[in-house]
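Hi everyone, thanks for making time for this one. Let me put the structure up, and then I'll walk you through a few spots.

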Amino acid sequence: SGLNIVKEKEIGTIEQLNVSPIKKHHFIIGKLAPFWIIAMFDLLFGLGIAKFVFQIPIEGSVGLIIFVAGIYLVLVLGIGLFISTLADTQQQAMFIAWFFVMIFILMSGLFMPVENMPDWAQVINKLNPIAYFIDFMRLVMLKGARIVDVSYQIISITIYAILSISLATWRYRKIT
């Protein structure tokens, strides 16, 4: 999502957009909303494949998964937008995003349980938004957790989403 904003910077159209009468938050919503919609479609498609092709049981509420995934996508898109405000070229943005995504995914508990990580890594992992979402998905999909069981993860994801989109919007206004 951030790459299209970096591309606007590279080709020089960002200045034209900035002097247009459109408000900054409308511009940001317009840039991020299509990616949010596509990602939600991908989520539904992936859940359908998991359930009907691979016979993976979904023990918890699909509605809860969709709701929290929607919040999580705001978080991820906010991070992408923030990265786009830091980078001057698409290559820089891709490198920065790749660097953080790899660290976040490797430390998220997706490949190895967080409990098996050294204590220092577990402490650092408290700052990893992907870890909260993976924990949420495991608890809801595989164990049938209810909203009260995953409220800590939902609150954490929501706080990170608000912080990421706010920081990205603030930084975007500052660079324009």
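Gln 55 sits in the loop between α3 (24-53) and α4, where helices are DSSP runs of H or I with at least four residues, strands are runs of E with at least two, and both are numbered from the N terminus. Although Gln 55 is not a glycine, its phi is positive, at about 55°. Gln 55 is also exposed, with a relative accessible area of 57%; exposed means over 50%, buried under 20%, and partly exposed in between, using a 1.4 Å probe and protein chains only.

A quick word on ground rules. This is a predicted model, so local features need pLDDT of at least 70 and side-chain atom pairs count only at pLDDT 80 or more, while totals for chains, interfaces and linings use all residues. Residues are numbered from 1 along each chain as its sequence is written, and side-chain values use heavy atoms, with hydrogens and water left out.

Now another loop residue, Asn 128, between α6 (119-124) and α7. Buried or exposed? Asn 128 counts as buried, at 3% relative accessibility. Setting aside neighbours within four places in sequence, Asn 128 is in contact with Phe 104, Met 107, Ser 108 and Tyr 160, contact meaning heavy atoms within 4.5 Å.

On to helix packing. The axes of α4 (residues 62-86) and α7 (residues 129-143) come within 11 Å and cross at roughly 170°; the axes are lines fitted to C-alpha atoms over the stretch in contact, with angles from 0 to 180 degrees between N-to-C directions. The two helices are therefore roughly antiparallel, the label for angles over 145 degrees, with under 35 roughly parallel, 65 to 115 roughly perpendicular and the rest oblique. Residues making this contact include Leu 64, Ile 65 and Val 68 of α4, and Pro 129, Ile 130 and Phe 133 of α7.

Finally, the largest nonpolar core, which has 27 residues: that is a set of buried Ala, Val, Leu, Ile, Met, Phe, Trp, Tyr and Cys residues joined through side-chain atoms within 4.5 Å. Which members touch the most others? They are Ile 65, Phe 133, Phe 136, Val 150 and Ile 157. Helix α7 gives the most to this core, with nine residues. Beyond its neighbours within four places in sequence, Phe 133 contacts Val 68, Ala 69, Tyr 72 and Ile 157. There is also a second, separate core of eight residues, with Ile 5, Phe 27, Ile 28 and Leu 32 among them.
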